[in-house]
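Me: Hello! I am new to this structure and would like a friendly walk through it, please.

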Amino acid sequence: MNVYKKDFIKQLMEKYNYTKSSATSVVEDFWSVLTDNLEAGNAVFFYGYGCFDIIERKTRSCINPQTKERCSIPAHWVPRFYPGNTIKRAVKKWEDNEKRGLV
């Protein structure tokens, strides 16, 4: 099941009794501050949850599927998320329940 932004906001409203505007504001403000830091080149750490970081991808070559021509992709920077223990445990719990047929 995929959870989209509107679903996430609805869950905040139901679980924590936010109004729709305040839940939307929390989500928008969080991503705004996160992207501002990434634009400044900063890594963002959430103890136990993970880290948003920027890494450099090396130059690589590939084949254009339409022309079958070999081309080069230059080195560039990409965002990367490294999950922390809390996130890893949540996924492990889901995996264990899935294997036992509880999901």
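Me: What should I know about how the model was made and read?

Reply: This is a predicted model, in which local features need pLDDT of at least 70, side-chain atom pairs count only at pLDDT 80 or more, and totals for chains, interfaces and linings use all residues. Residues are numbered from 1 along each chain as its sequence is written, and side-chain values use heavy atoms, with hydrogens and water left out.

Me: What is the radius of gyration of the protein chain?

Reply: The radius of gyration is taken over C-alpha atoms, and the globule rule is 2.2 Å times the number of residues to the power 0.38. The C-alpha trace spans about 55 × 40 × 30 Å along its principal axes. A compact globule of 103 residues would come out near 13 Å, but the protein chain has 19 Å.

Me: What percentage of the residues of the protein chain count as buried?

Reply: Buried means under 20% relative accessible area, exposed over 50%, and partly exposed in between (1.4 Å probe, protein chains only). Of the 103 residues of the protein chain, the buried part is 13%.

Me: How far apart are the mean positions of the positive and negative charges?

Reply: Lys and Arg count as positive and Asp and Glu as negative, while His and the chain ends are not counted. Each charge is placed at NZ of Lys, CZ of Arg, CG of Asp or CD of Glu. For the 17 positive and 12 negative charges of the protein chain, the mean positions are apart by 7 Å.

Me: Which residue forms a salt bridge with glutamate 28?

Reply: A salt bridge is a side-chain nitrogen of Lys or Arg within 4 Å of a carboxyl oxygen of Asp or Glu, and the count here comes to 4 salt bridges. For glutamate 28, the closest N and O atoms of the pair are 2.2 Å apart, and the partner is lysine 5.

Me: Why does this pair tie together parts that are apart in sequence?

Reply: Glutamate 28 is partly exposed at 36% relative accessibility, and lysine 5 is partly exposed too, at 46%. Glutamate 28 lies in helix H2 (residues 20–39) and lysine 5 in helix H1 (residues 5–16), so the pair ties together parts whose separation in sequence is 23 residues.

Me: Which residues do salt bridges that share partners join into one network?

Reply: Lysine 92 meets glutamate 95, with the closest N and O atoms 3.8 Å apart; both lie in helix H3 (residues 85–100), 3 residues apart, about one turn of the helix. Lysine 92 also meets aspartate 96 at 3.3 Å, N to O, and those two are 4 residues apart in helix H3. Salt bridges that share partners make one network of Lys92, Glu95, Asp96 and Lys99.

Me: Is lysine 92 buried, partly exposed or exposed?

Reply: Lysine 92 has its place in helix H3. At 42% relative accessibility, lysine 92 counts as partly exposed.

Me: How far apart in space are lysine 92 and leucine 38?

Reply: In sequence, lysine 92 and leucine 38 are 54 residues apart. In space, C-alpha to C-alpha, the distance between lysine 92 and leucine 38 is 29 Å.
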